[in-house]
Amino acid sequence: MKCENCNNSQATVHLTEIKAGKKIEKHLCEACASQIEGIGAAVKGHQPINELLTNFVMAHSGLAKEQVANCEDCGMSWAEFRQSGLLGCANDYKVFERELAPLIQRAHEGATHHIGKVPSRGQPVGVPARRRTVDMDRLRKDLARAVEAEDYERAAKIRDQIRLADQE
Amino acid sequence: MKLSDLATRAGEWLRGDGPLSEIVISSRIRLARNVAGHNFLSRCTRAQRNTVEHKTRAAILAAGDLVAKNLFYVDLADAPEIDRQLLVERHLISKPHAQAEGSRGVAVGEDESVSIMVNEEDHLRLQVLRSGLQLEEAWELINKIDDTLERTLDFAFNPRFGYLTACPTNVGTGIRVSVMLHLPALKLTGDIERVFRAAKDMRLAVRGLYGEGTEATGDFYQISNQTTLGKVEEDIIQDFKHVVIPKIIDYEHHARRTLLSERTAVLDDKVFRAVGLLRSARLLTSEEVLSALSHLRLGMNLGRIKDIQVRTINEILLLTQPAHLQKMLAKKVEGDARRSARADFVRQKLGSA
């Protein structure tokens, strides 16, 4: 569609005015629209909205530049990981934990914690490691359920149990 | 035990028996592990990569029979291309592992049911393959091997995310359960799409004969789990054994019965054309052989052919692939010469028309 005013450039601004109960539609190019009083500012003003949106999307996809430091062990940056899909070392799971968590959750049907096999070495003696992790998982699920049911008294109790278990 | 000893016989997973072997070709479980204190491979220098290879190779070979009987190690950085291709055709290493660069290898047990890839995407990729539907047996064995290696190697692990892997899609248990199914009737009736949809709903991956990025040649389909975190290994396996696989087997059985009772002529035409092709052709491509063997296997399972053994079909399937064929002929052959050698081998196994 061509601009109604100059009949030259593509019409990218579409105005609907209601004057005395009558609907008037105008299709203008950006240059002509900016000449109209009160419209010019709005046309130019849409730039920051785009930027705002881009920033919002970037922040939520974990692409924002400033926030994450590189891994001190392997030098991996978050941006590099997003490109290759492969992490550089075990420490990356700690350094990027906050950014990784939602990705991992999406890839694993919403799971956030490991409940399977645990290496027998380096585990506290006398505590069956697997049961402990499974219990933690159950506690977290209970907590989520209590919060959902708005049973805050119960939620607080479960939260304390989780804290206690975490300290062990 | 040497690599060349493998080239003329079929491996464990193609023995052709095991539970439900008329549809389930093999059960495979693999575990991804990394050694703590070393970078993952994408961040390793050449020297670091060598260190990881030496360390893990030594641990595997020291464990010896506890990992697998008469274990042997193939250094893939040194191995000629044909040997690497041979290992891919036998499902002992992945395609990317064959084509990669730098120090890497594979440890293989004598009967080929155990293999451990060193320096693939992760430092270690343990694999156990069994004939038919034998997931619990495979898990029991691989779990034991994992425990054995863990006595000398400290695996990267974190309480929240479990076993740490280079790719976060494998994190947690690091387990991949794959079952190789032969679904020719579903392919013929066109109902295979239903299986794909059902698998997708259950968060399962469907792949071809050689895993990721390969086509389902010969009507072979590999079904595997994609979720590795937030589930206990045994639960994933039980889910496969009692829910996923029986469901698909039911579909295939149903399609086979339909073919047999309502479309006998179509079925027999496919089966006997395949027999005719294999017993008569003078030049055969790999794809032609795979496709004809698929119909032959179906005809055999439905009692339409009685004079051919499943063992023979499996041998042809494996030994007519490019690297195997060339190993057998002990020379590099291509084009018509290779297709001719393949057709000769098939006729020798099945008898000429």
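D219(B) is buried in the predicted model, with a relative accessible area of 8%; buried denotes under 20% relative accessible area, exposed over 50%, and partly exposed the range in between (1.4 Å probe, protein chains only). D219(B) lies in the loop between β9 and β10 (220-225) of chain B, where helices (H or I, at least four residues) and strands (E, at least two) are DSSP runs numbered from the N terminus. The phi of D219(B) is positive, near 60°, in a residue other than glycine. Most residues other than glycine have a negative phi. R203(B), likewise not a glycine, has a positive phi of about 60°. R203(B) belongs to the loop between α6 (192-201) and β9 (204-207) of chain B and is partly exposed, with a relative accessible area of 32%.

The model is predicted, and local features require pLDDT of at least 70, side-chain atom pairs count only at pLDDT 80 or more, and totals for chains, interfaces and linings use all residues; side-chain values use heavy atoms, with hydrogens and water left out. Residues are numbered from 1 along each chain as its sequence is written, while chains are lettered from A and ligands numbered from 1 in the order in which they are written.

In the loop between α1 (46-63) and β2 (72-75) of chain B is D65(B). This residue is exposed, its relative accessible area being 58%. A distance of 8.7 Å separates the C-alpha atoms of D65(B) and G109(B), which are 44 residues apart along the chain.

Helices α10 (residues 310-319) and α12 (residues 335-350) of chain B have axes that come within 11 Å and cross at roughly 170°. Axes are lines fitted to C-alpha atoms, for helices over the stretch in contact, and angles run from 0 to 180 degrees between N-to-C directions. The crossing angle therefore makes α10(B) roughly antiparallel to α12(B) (under 35 degrees counts as roughly parallel, over 145 as roughly antiparallel, 65 to 115 as roughly perpendicular and the rest as oblique). On the α10(B) side the contact (heavy atoms within 4.5 Å) is made by T312(B), E315(B), I316(B) and L319(B), and on the α12(B) side by F345(B), V346(B), K349(B) and L350(B). These residues divide into five nonpolar, one polar and two charged; Ala, Val, Leu, Ile, Met, Phe, Trp, Tyr, Cys and Pro count as nonpolar, Asp, Glu, Lys and Arg as charged, and the others, Gly among them, as polar.

In helix α11 (residues 322-329) of chain B, the buried residues are A323(B), H324(B), L325(B) and Q326(B). Their cover includes α2 (81-89), α10 and α12 of chain B. A330(B), which follows α11(B), has a positive phi near 60°.

Chain A contains seven helices and two strands, in the order β-β-α-α-α-α-α-α-α from the N terminus on. Of its 168 residues, 30% are buried. Among contacts in chain A with a separation of 6 or more, 19% are between residues 24 or more positions apart. The mean pLDDT (the predictor's confidence in each residue, from 0 to 100) of chain A is 76, and 70% of its residues reach 70 or more. Confidence in chain A is lowest in helix α2 (residues 40-61), at a mean of 58, and highest in helix α4 (residues 92-95), at 96. Residues 123-131 of chain A have pLDDT below 50, and this stretch has eleven contacts in the model beyond near neighbours in sequence. Where pLDDT is low, the predicted coordinates should not be read in detail.
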